[in-house]
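Please look through the structure shown here before reading on.

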Amino acid sequence: MKEYYDIVSNIITSNEFKSLKNDTHHNTNKYDHLLRVSKLSYKIAKITKSDVKATTRAGVLHDFFFGGRKDCQANSYLNHPYTSANNAKKYFDITDFESDIIKTHMFHHTFFRSLFPFINPTEKVRIKEGKPKSKEAWIVCLSDLAVSAYEGLRYNVGGKVGLYAIFLFNFFITR
Ligand SMILES: [Fe+2]
Ligand SMILES: [Fe+2]
């Protein structure tokens with residue numbers, strides 16, 4: 001993974017990026033989530049002979065926004081890809097190609113919202129704009145989906161194990 005760390009080291013060692021450790025995201029923190037997604041994106045990019053550097057950099061910056069998704073409109077489910085792309089340009093001078101990968105990483109959610117527009121009618125769903133336009137963009141979008149599912153499940157399973165442990169403990173001490 002030396003090549004991976006060579007690509008991301010200037011990003012993950014910056015104070016702006018390290019501050020994401022304080023942001024809760026999928027029951028974990030945004031820093032860990034971004035490293036997981038970028039590592040998976042890196043591996044898939046290698047296997048599929050894609051643009052490894054662009055995929056990895058976009059993967060590690062795809063949720064590069066500060067605070068929670070409910071803190072402000074710019075951080076919402078549909079807007080945070082654009083906010084992250086702007087921040088990534090500001091702090092790490094990303095290319096237009098990398099910016100497009102970041103902007104379309106929430107296509108799964110955009111597609112879902114286009115099917116059910118009544119969920120939040122005040123937000124504009126941009127299905128054509130939100131669709132990944134390259135192999136690299138699909139890699140980051142699908143890696144994000146897979147990692148988010150893993151993180152959700154992991155913590156749900158942990159929660160269930162905790163509940164069972166309390167139940168068993170309660171069962172034994174009340175016998
Ligand atoms: Fe996201
Ligand atoms: Fe994400």
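## The chain as a whole

Of the 175 residues in the protein chain, 33% are buried, a residue being buried if 20 or more other C-beta atoms, placed from the backbone, lie within 10 Å of its own, exposed if 12 or fewer do, and partly exposed in between. This is a predicted model, in which local features need pLDDT of at least 70 and side-chain atom pairs count only at pLDDT 80 or more, while totals for chains, interfaces and linings use all residues. Residues are numbered from 1 along each chain as its sequence is written, and chains are lettered from A and ligands numbered from 1 in the order in which they are written.

The protein chain has nine helices and two strands, where helices (H or I, at least four residues) and strands (E, at least two) are DSSP runs numbered from the N terminus. Along the sequence they follow the pattern α-α-β-β-α-α-α-α-α-α-α. Two residues are in contact if their C-beta atoms, placed from the backbone, lie within 7 Å; among contacts between residues at least 6 apart in sequence, 61% join residues at least 24 apart.

## Helix 4 and its partners

Two packed helices are described by the angle between their axes and the distance between the axes. Axes are lines fitted to C-alpha atoms, for helices over the stretch in contact, and angles run from 0 to 180 degrees between N-to-C directions. Helix 3 (residues 30-47) and helix 4 (residues 52-61) pack at about 165 degrees, with their axes 7 Å apart. That makes helix 3 roughly antiparallel to helix 4, since angles under 35 degrees count as roughly parallel, over 145 as roughly antiparallel, 65 to 115 as roughly perpendicular and the rest as oblique. Residues of helix 3, including Leu-34, Ser-38 and Tyr-42, meet residues of helix 4, among them Val-52, Thr-55 and Gly-59. The residues of this contact divide into seven nonpolar, five polar and one charged (Ala, Val, Leu, Ile, Met, Phe, Trp, Tyr, Cys and Pro count as nonpolar, Asp, Glu, Lys and Arg as charged, and the others, Gly among them, as polar).

Helix 1 and helix 4 pack at an angle of about 35 degrees, with their axes 10 Å apart. Here Tyr-4, Ile-7, Val-8, Ile-11 and Ile-12 in helix 1 meet Lys-53, Thr-56, Arg-57, Val-60 and Leu-61 in helix 4, and by class this contact has seven nonpolar, one polar and two charged residues.

## The largest nonpolar core

A nonpolar core is a set of buried Ala, Val, Leu, Ile, Met, Phe, Trp, Tyr and Cys residues joined through C-beta atoms within 7 Å. The largest one has 29 residues, of which Ala-58, Leu-61, Ala-88, Ile-101, Ile-102 and Val-140 touch the most other members. Helices that each supply at least two residues of this core include helix 5 (80-92), helix 6 (96-103) and helix 9 (135-173), and the largest share, six residues, comes from helix 9. Leaving aside its neighbours within four places in sequence, Ala-58 is in contact with Glu-98, Ile-101, Ile-102, Glu-136 and Val-140.

## Two single residues

Lys-103 lies in helix 6 and counts as buried, because it has 23 C-beta neighbours inside 10 Å. Beyond its neighbours within four places in sequence, Lys-103 is in contact with Pro-81, Tyr-82 and Ala-85.

Leu-78, found in the loop between helix 4 and helix 5, is partly exposed, with 18 other C-beta atoms within 10 Å. Leaving aside neighbours within four places in sequence, Leu-78 is in contact with Met-106, Thr-110, Arg-113, Glu-123 and Val-125.
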